[in-house]
Amino acid sequence: MADLLVLCRFLHFIVVLLMFGACVFRPWLLGAEPQPLLDRQLHAITRGLAWLALGSGVAWLLLITASMAGDWSAALQWPTVQLVLGKTFFGQVWTWHLLLNLLLVLGLMTPWTALRLPLSALLLATLAPVGHGAMLDGLSGQLLILNQVVHLVCVGAWLGGLLLLVLILRQPGRFTPAPILKRFSGVGYGLVTGLLVTGLINVRVLTGQLWPTPLFSGFALILLIKVMLVGAMLALALFNRLRIEDCEQRLGTLKTSVVLEGLLGIAAVAAVSLLGTLPPMVMAG
């Protein structure tokens, strides 16, 4: 059950992050002017991700219900599911989360494109109280959730932006990559700063230390793997930024690099999904 929950968390997180980031970066990288082929591709991908998010979100609820009840059959008993939705903090947050997800799915079936970004942003924000973000009460807990929202926004924008870059680089004749990459990397500095600052705050608040110990076991080990994956993403991003002037002569290498950067990001999200199920080893006193 625990393994399935980690897998479900990972799948749900990654699709919500990608949807949000792609919606954010579409107007930033290409402006408001319609790009029929790219917009059709992005719409089809977003619609598929929204359905996948809804399915994995429901599966997450059922797995949590079975875990709380200690019985697989509880996941199929509506009174038990209703009890989780109404009487637990997770359930109350998840009710709104699933409702937003359903609205996003319905919104993607209409021409009202203006609703997609706010709905995907709210969907992402309602992931913040799930997991370690709900460990603290009162003002401290609210600030931790706010910090987690900022962290998720930075991660989602980065990963979703990479998805959009891949789609753009697959149409080299339609777009000039250099100015698009400059706009992406310009925002990337802010995203990386936000990611690092909010990540360090999370670690300090949850563990009581600048870095959890022991270093090579449990929570600390998975956190170390996540940091190494993010470091590799930064190295690739810096490499592409330094060679941005000759990017049109190396489109194949650039595309491979962006895809690899995205895969490293997905692996980092997988590590986060596992972290959310592990105790952060808060120091006593």
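The radius of gyration is taken here over C-alpha atoms, and the rule for a globule is 2.2 Å times the number of residues to the power 0.38. In this predicted model, the protein chain has a radius of gyration of 20 Å, which agrees with the value near 19 Å that a compact globule of 285 residues would have. The C-alpha trace of the protein chain spans about 55 × 45 × 30 Å along its principal axes.

The secondary structure of the protein chain consists of nine helices and zero strands, so that, read from the N terminus on, its elements run α-α-α-α-α-α-α-α-α. The UniProt record, an unreviewed entry, places the feature "transmembrane region" at residues 6-29, 49-69, 89-110, 117-136, 148-169, 181-203, 215-238 and 258-278. Among these spans, residues 6-29 are 100% helix and 0% strand in the model, with end C-alpha atoms 33 Å apart. Residues 181-203 are likewise 100% helix and 0% strand, and the end C-alpha atoms of that span lie 32 Å apart.

Two packed helices are described by the angle between their axes and the distance between the axes. For helix H1 (residues 2-30) and helix H6 (residues 138-169), the axes come within 6 Å and cross at roughly 65°. Because angles of 65 to 115 degrees count as roughly perpendicular, H1 is roughly perpendicular to H6. The crossing in which H1 passes H6 is right-handed. On the side of H1, the contact includes Phe 13, Ile 14, Leu 17, Phe 20 and Gly 21, as well as Arg 26, while H6 contributes residues including Leu 152, Gly 156, Gly 160, Gly 161 and Ile 168. Sorted by class, the residues of this contact between H1 and H6 comprise 18 nonpolar, four polar and one charged.

Helix H1 also packs against helix H5 (residues 116-125), where the two axes come within 9 Å and cross at roughly 145°. The crossing of H1 and H5 is left-handed. The contact is formed by Val 16, Leu 17, Met 19, Phe 20, Cys 23 and Val 24 of H1, which meet Arg 116, Leu 117, Ser 120, Ala 121, Leu 123 and Leu 124 of H5. Of the residues in the contact of H1 with H5, 10 are nonpolar, one is polar and one is charged.

H8 passes H9 in a left-handed crossing. Among the residues that make this contact are Phe 219, Lys 226, Met 233 and Asn 240 of H8, together with Ser 257, Glu 261, Gly 265 and Val 272 of H9. The contact of H8 with H9 divides into 18 nonpolar, three polar and two charged residues.

Terms used
Residues numbered from 1 in each chain as written. Predicted model: local features only at pLDDT ≥ 70, side-chain atom pairs only at ≥ 80, totals over all residues. Heavy atoms only, no water. UniProt positions renumbered as here; feature names shortened; annotations may be inferred. Helix = DSSP H or I, 4+ residues; strand = E, 2+ residues; numbered from the N terminus. Axes fitted to C-alpha atoms, helices over the stretch in contact; angles between N-to-C directions. Parallel < 35°, antiparallel > 145°, perpendicular 65-115°, else oblique. Left-handed = near helix turned anticlockwise from the far one by under 90°. Contact = heavy atoms within 4.5 Å. Nonpolar A, V, L, I, M, F, W, Y, C, P; charged D, E, K, R; others polar.
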